[in-house]
Every structure is written in structure tokens, then in C-alpha cells.
Amino acid sequence: MPRTGSRPGGRSARIRAAVHRAVKELLTDEADELLTIPVVAARAGVHATTVYRRWGSVGDLLADVATSRFSDGNVVPDTGSLRGDLERYASDLAKDLNDPDTLPLVRATIGTAGEQGASACTGERQQQLQAMLDRERARGNWAPTVERATEALLAPLYYRAVFTDQAPTAEWARTLVSHLLPD
């Protein structure tokens, strides 16, 4: 997370956008260059001191990029049923985790920023799950806890994407829902 209160527009926003873009480019390049603050700053066209002042460490920077990436434009499905919502959600998440820009960011963020990185990659996802579960309860129906849904959906999707060479497919992701919500 940025260390100081940043303004939503102007120079701060331009610097943040340039640095975020540089991180994404460096992670998706096939280069063997180590991701460091000076390397990111050079790619972004800003002084390394600016990056250190705003983020403090590569872990904090990656967590901020991940938080921004995973909170932008994600729409919570509303198909009319919890099963339909979760199947679409899991399928969309599998596709997102297969995106060549997403997976390197997730791996780097979790690997560098530890628990803070994991939270940056999954926090918004858990809020989205919570919204679907709350909506189902508001309909007067039973819904599992967000913890159970996280264990049944997010955990296997992220595990397969990050720690194995098997890409999570949309079809496989939908089967996870049947384990969470048996008929």
C-alpha cells in the first residue's frame, strides 16, 4: 500500500500509474531481471527515491499493484441462484488466473509479500464471495460461510494456478461448486 496519503489525480496518480505499469511489464517480460525498486523506477521513468518513499519495499509495491488489479472492474455475478453465481464466478476466476498478466503478478506478490501479498490477491475475491452469500441469505435461502466458500473455491483455484503446472480450467472450476453445494 502506498505509505503516504496520495492524491487521486495529478502527479501522484501519474506516478502510481507509471510504476504499476512498469511492475506489470517487468513481471510479464521473459527477462531474467530481478524485480527491484531501482529497476521498477527506471522502467517507470521516475527516481528510485520516489518509489521507496511511496511504497517502501518491493513487497509493499507488489501488494499495492495486486490490490489495484484485483479490485478494478470485477463484477459479482447475479444469475438468480447461488449455484449459478458461484459457477460463473469460479469459471471467471479460473480464466483470470490463466491470464498471462495475472499469474506472474499473483506468484510474485505471494512470494515477495507473504501474508500481505496473499491478502492483496484474495481479499477482494473474498468480499465478492461474501456479497454472493449475503444475497442468497437475503433471498431467504441457506448459504455456506465465506470461510467454507473460500476453502472450497478460492483455495483450490489459487493452489492449482500458483503451485502446479495444471492450469485451472473453467470446467474444473465449476466442479468445485458441486463440492461446496451438493445437490
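Me: UniProt annotations may be inferred rather than shown by experiment. With that in mind, which residues does the "DNA-binding region" annotation cover in this predicted model?

Reply: According to the UniProt record, an unreviewed entry, the "DNA-binding region" covers residues 36–55.

Me: What makes up the chain over residues 36–55, helix or strand?

Reply: Residues 36–55 are 80% helix and 0% strand.

Me: Why are helix 7 and helix 8 called roughly antiparallel?

Reply: Helix 7 (residues 146–163) and helix 8 (residues 170–180) pack at about 155 degrees. Angles over 145 degrees count as roughly antiparallel, and the pair is therefore given that name. Their axes are 9 Å apart, and helix 7 passes helix 8 in a right-handed crossing.

Me: Which residues make the contact between helix 7 and helix 8?

Reply: Helix 7 contributes Arg148, Ala149, Ala152, Leu153, Pro156, Leu157 and Arg160. From helix 8 come Trp172, Ala173, Leu176, Val177, His179 and Leu180. By class, this contact has 10 nonpolar, one polar and two charged residues. Arg counts as charged, and Arg148 and Arg160 are in the contact.

Me: How does helix 4 pass helix 6, left-handed or right-handed?

Reply: Helix 4 passes helix 6 in a right-handed crossing. The residues of their contact divide into 12 nonpolar, eight polar and four charged.

Notes
Residues numbered from 1 in each chain as written. Predicted model: local features only at pLDDT ≥ 70, side-chain atom pairs only at ≥ 80, totals over all residues. Heavy atoms only, no water. Helix = DSSP H or I, 4+ residues; strand = E, 2+ residues; numbered from the N terminus. Axes fitted to C-alpha atoms, helices over the stretch in contact; angles between N-to-C directions. Parallel < 35°, antiparallel > 145°, perpendicular 65-115°, else oblique. Left-handed = near helix turned anticlockwise from the far one by under 90°. Contact = heavy atoms within 4.5 Å.
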